[in-house]
2 protein chains.
Amino acid sequence: MSVDPVLNRIDSSLPESLDRLMELLRIPSISTDPAYKAECDRAADWLVEDLTSLGAAASKRQTPGHPMVIGHIDGPGPHLLFYGHYDVQPVDPLNLWDNDPFDPQIEDTPKGKVIRGRGSADDKGQLMTFVEACRAWKAEHGSLPCRITFFFEGEEESGSPSLIPFLKENADELKSDVALICDTGLFDSRVPAITTMLRGLLQEEITITGPSRDLHSGMYGGAAMNPIRVLSRIIAALHDDSGKITVPGFYEGVPELPDDVIQQWEGLGFDHKAFLGDVGLADLAGEAGRSALEMLWSRPTCEVNGIGGGYQGEGFKTVLPSTASAKISFRLVGQQDPHAIRESLRAMINDMVPNDCKVEFKAHGASPASVMPIDNPVFEKARQALSDEWPDEAAFIGCGGSIPVAGYFQTLLGTESMLIGFGKDDDQIHSPNEKYDIESFHKGTRSWARILAALTK
Amino acid sequence: MSVDPVLNRIDSSLPESLDRLMELLRIPSISTDPAYKAECDRAADWLVEDLTSLGAAASKRQTPGHPMVIGHIDGPGPHLLFYGHYDVQPVDPLNLWDNDPFDPQIEDTPKGKVIRGRGSADDKGQLMTFVEACRAWKAEHGSLPCRITFFFEGEEESGSPSLIPFLKENADELKSDVALICDTGLFDSRVPAITTMLRGLLQEEITITGPSRDLHSGMYGGAAMNPIRVLSRIIAALHDDSGKITVPGFYEGVPELPDDVIQQWEGLGFDHKAFLGDVGLADLAGEAGRSALEMLWSRPTCEVNGIGGGYQGEGFKTVLPSTASAKISFRLVGQQDPHAIRESLRAMINDMVPNDCKVEFKAHGASPASVMPIDNPVFEKARQALSDEWPDEAAFIGCGGSIPVAGYFQTLLGTESMLIGFGKDDDQIHSPNEKYDIESFHKGTRSWARILAALTK
C-alpha cells in the first residue's frame, strides 16, 4: 500500500481534520479539578465515537478516576500501540488568556497559522495527528497496513493514578510490538525528533502548621513561630549556592552522559540565550558547570510549583498565619529512585521543622526516568520517515518533561516506546494562550502516515 | 455630678446597649477590600446618627479613602478627644467561622457570655463602650462633665492612608487636653491596663518576576530561574539563626529596657507557656535570650503576613511560575526609623535578586513606635479609676500591636494619648470567630464612666 495517495488525502482533508480537533478542544477536560469530572467523561465519549467512525472497536473503560479509551483496528503487519491523553491542564490565571481557552480559534501569527486553546498542543492536537493519519490511510486503502491499538488516558495531567492498575489488568490486550507515544516536541521547526531520554517526576505537597489558628502579628509576632518563615527556610535549603539539590542521597543513580551523546547534543547548536530570552530570562539557573541541554534533559531538578500562606488579597492584613504550604516537584534521571528520594526529602524537612510546629506530607506522582533502546531497528526506520517529511534530518534527543507511561509500558507490558511529537518550544503548554501550529498538526499527520509505511514495509 | 447613678444606668440599660452594638456589627465595613467601600460608608453614617442621638454635633467627613466621623459635645471641664475605628479586618478564611461573621450572636461559653462576630473586639465593641458611657452619663445628668470630641476612623485596618492629611487639615478642631484611645486590651481578666508603649509598623509588599510567563517545569525546569526559589531565599535570610533580624541597620534606635520596667514586667508573672499553649505552640520564636514580654512588647519583629505564587489549587500543576510575592511587616520600637528601614530592606532584597529577575516593591503603612509620658497626672487618675472597677490594680503595660494614631496625635495635634481598652488575649481579633466578652463591654463602659469622673474632678 503506497503512502503517496495517503499524503495527498491528508492535504486535501485538512479543513475537516481541524474541525474535528476543534470539537475535541471545546470540551474542558481538566483532570486535576474534580469540578470537571463530567467533562473528562464527555471527552472520552467523543473519542470513542470518533474511533468508531474509523472502523475501530472502541470503548470507554471505567477506572476509579477518569476513564481510559481503547480502540482496536485489525491489520496484517506488526501490532502498534498508540498512546495519547485527552485531559488538559487547568487554565488559571484565566485573565492572562486573550480568548476563552475552550473556544479554540485559528489565528494568523508572524510565524504562521496556529490553533489557540487549552490542550491544542498538550495533548489533543498531538493525539489527533495519529488518528487523522489512520483515517486518511483507511479512506484511501480501505484498511490499515498493520494492527493498531489506540490507548487514550484521561489522567496524565493529574499524576495518572489509575494507569498502573489498568495496565496490569489489561496487559494482554495492550501488549504490542512497539508503542508510539505522541506527547513530545520537534527539536526545532526544521528538525523533527524522537525523544529517547525522559526525566522522571516526583511530586510532594507539604503543609507547615505553626499556631493552631491565624494570629494577630502585633499581639503574637516575635513570640509565636510563623509557618511561612519555616517553609521559606526549607525551600531555600533545597538548593546550595552552586545550584545543586541538597536532599541527602539525591544524586545516587544520576549518570554522567557518554561522550558520544555529549558530542551529538553539542552538534545541535542549541542557543540557550534565545531559549531563555523568549521567556524574558538571560542566565542559566541550574548546576554550575553544566550545559543548558544537560540542565534540561539529563540533570535532575527541584522546582516549587506553588506556594501559599497567609493573606494574599488586596491591601495588607497583619496576620500571623496558622499554615503555609508548597507543592514541590523533582525531575529525575538515570536510576534515581523516586520513593527513596521522597523518604529522604521528608526526613530532611522533618529535621528542619521546629518542635512545636507540624508538617503534613501529601504524596502526588512518582515515576522514574526512562532511556529508550535506540539500537532497536524501528527507531532508525522512524527516523528516516521523519527525515523524509521535514526539512532537516531527524534527531534523537532528550526531554526535560516526564512521560511516565513509557516506563510503565516497558515494565508492565514488555513493550518499548518511541516518543514522537510535533510540539514547539513556544506552544505555551501549561500556560495561558497555549497553541499548536497548523504546520505541526498537518506535517505531524503526514509524518505518522510515513511512519506507518516505514514500520510495515 | 456623681458617677454612681451613671453606673446603675449602665447596668440597667445593658440590653439596649448590646442591641446598638449588634446593629453596627452587622455592617461589613472591611476597609482593605474595595468591594466593601459602600459598607464602610454605611458604618460611618450609622455612627453619625448614633452620635446625633446623644446630642453630639456629628458629621461624616470625606477623605480620598473611607470617611472619618467627628462629633462634638460641649461641656465644662477639660477637652477630651476619644478615638476608635469602625472598619474591620477581612474575614477569610470564611470556612473557619462557625457563623456568619456579620451576623453577630451572643453566645454562652465556659468563660462567660461573649458577642461573636467580626469587629466585636476590634474595634466596634470597644469604641461603643465609650459611646455608651457618655449616653448613660447624659441620660442621668442631662449633660457631660467635660467637653468631648469623638473621632472615628474607617481606615485603621488598611494602613490609615488618609489619617495624616486629615489630622493636619483639622488640627484646630481636634487638638485637646488628652486623647483617649480604645483599641487595646486588659492585661488579663482581673487586671485592667493602660498601654504606655506601642510598637510601630512598617509594611512592604514584594513581587519577584522570573520568566515573563508561566512555564512548564519539565520543559524549562533546571535552566530557568523560579521566582519562588528567589523569594524563599530572601525570606529565609531575614532572620539569622538566633532569631535576630538581618536587615542592615535594623537595630539602630532599639533601646534596652530600663531596669525598673524589667522588674515591673517580671512582677506581672506572665505565663508564656500558657499564652503560646492557647494557640497550640510551646516555644518562644523570637531573639535568643529575650523574655516573652520583651519579644511581645519591646523588641522589634519581622513577620511574613502572606505569600503566594504558582499553582495553589487542588491536585498538582507542574508550572514554573512567572511571579511570586509576599507581604512582609516589621513591628518597630524605640527610635527605629521606618523609612530608613524600608530603604535598607529594599537594598538588601535588590542585592539578592538574580540579574535577570525583577523585583517590584509596594509600600504600605509606616509608623514609628510610641512611648507615653506616664508622669502626666492623668495617667495616675485613670489608673485609679480602672482599679476601682476591676478586681485587681491596673497596670502600665506595653503592647505588641501598632496604633500609629497615638504618635500622630502627639506630633500633629500636640495631644498626648492614654490607651485604655478591654480586649482579651483570646478575642481572636484578625482571626475567624472573633469575639468580645460581655464582661469587657459592660465593665468597659463602666470603666469609662469612672474615668470621666476621675478626669473631671
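Modeller: One point to start with: in chain B, strand β11 (residues 301–310) gives the most to the lining of the second largest cavity, with three residues. Keep in mind that this is a predicted model.

Biologist: How much space lies in that second largest cavity?

Modeller: About 100 Å³. The lining of this second largest cavity consists of 15 residues, and the closest to its centre are G222(A), G243(B), G286(B), P300(B) and T301(B).

Biologist: And by class, what does the lining of the second largest cavity have?

Modeller: Six nonpolar, five polar and four charged residues.

Biologist: How many cavities of 30 Å³ or more does the structure hold?

Modeller: Four. The volume of the largest cavity is about 130 Å³. Of the 18 residues lining the largest cavity, G243(A), G286(A), P300(A), T301(A) and G222(B) are the closest to its centre.

Biologist: Which strand gives the largest share of the lining there?

Modeller: Strand β11 (residues 301–310) of chain A, with three residues. By class, the lining of the largest cavity has eight nonpolar, six polar and four charged residues.

Biologist: How does one find empty space like that in the first place?

Modeller: A probe the size of a water molecule is rolled over the atoms, and that shows where empty space is left.

Biologist: OK, helices now. At what angle do α3(A) and α4(A) cross?

Modeller: Roughly 20°. The axes of helix α3 (residues 37–53) and helix α4 (residues 124–141), both of chain A, come within 10 Å.

Biologist: Parallel or antiparallel, then?

Modeller: Angles under 35 degrees count as roughly parallel, and therefore α3(A) and α4(A) are roughly parallel to each other.

Biologist: Which residues meet?

Modeller: From α3(A) there are W46(A), L47(A), D50(A), L51(A) and S53(A), and they meet L127(A), M128(A), V131(A) and R135(A) of α4(A). The residues of this contact of α3(A) with α4(A) divide into six nonpolar, one polar and two charged.

Biologist: Switching to aromatics. How many aromatic pairs over all chains?

Modeller: The count comes to 38. Take F422(A) and W448(A): the ring centres are 6.0 Å apart and the planes are at 90°, so the pair is edge-to-face.

Biologist: Where do F422(A) and W448(A) sit in the chain?

Modeller: F422(A) is in the loop between β17 (417–420) and β18 (435–437) of chain A, and W448(A) is in helix α15 (residues 438–455) of chain A. The two are 26 residues apart, so the pair links distant parts of the chain.

Biologist: Now the backbone of chain B. Which residues does a cis peptide bond join, with omega about 0°?

Modeller: D92(B) and P93(B). P93(B) has its place in the loop between β3 (79–85) and β4 (105–109) of chain B. A cis peptide bond also joins D122(B) and D123(B), with omega about 10°. D123(B) lies in the loop between β5 (112–116) and α4 (124–141) of chain B.

Biologist: Why mention these at all?

Modeller: Because most peptide bonds are trans. Likewise, most residues other than glycine have a negative phi.

Biologist: What is phi for Q428(B)?

Modeller: Near 60°, a positive value in a residue other than glycine. For H430(B), phi is near 70°, again a positive value in a residue other than glycine.

Biologist: And where is H430(B)?

Modeller: In the loop between β17 and β18 of chain B. Q428(B) is in the loop between β17 (417–420) and β18 (435–437) of chain B.

Key
Residues are numbered from 1 along each chain as its sequence is written. Chains are lettered from A and ligands numbered from 1 in the order in which they are written. This is a predicted model: local features need pLDDT of at least 70, side-chain atom pairs count only at pLDDT 80 or more; totals for chains, interfaces and linings use all residues. Side-chain values use heavy atoms; hydrogens and water are left out. On a 1 Å grid over the protein atoms alone, a cavity is a set of points where a 1.4 Å probe fits but cannot get out, and a pocket is an open set with protein on both sides within 12 Å along at least five of seven lines; lining residues have an atom within 4 Å of a point. Grid points are joined across faces, edges and corners, and a volume is the space filled by probe spheres set on the points. Helices (H or I, at least four residues) and strands (E, at least two) are DSSP runs, numbered from the N terminus. Ala, Val, Leu, Ile, Met, Phe, Trp, Tyr, Cys and Pro count as nonpolar, Asp, Glu, Lys and Arg as charged, and the others, Gly among them, as polar. Axes are lines fitted to C-alpha atoms, for helices over the stretch in contact, and angles run from 0 to 180 degrees between N-to-C directions. Angles under 35 degrees count as roughly parallel, over 145 as roughly antiparallel, 65 to 115 as roughly perpendicular and the rest as oblique. Contact means heavy atoms within 4.5 Å. Rings of Phe, Tyr and Trp (its six-membered ring) pair if their centres lie within 6.5 Å; planes under 30 degrees apart count as stacked, over 60 as edge-to-face and the rest as tilted.
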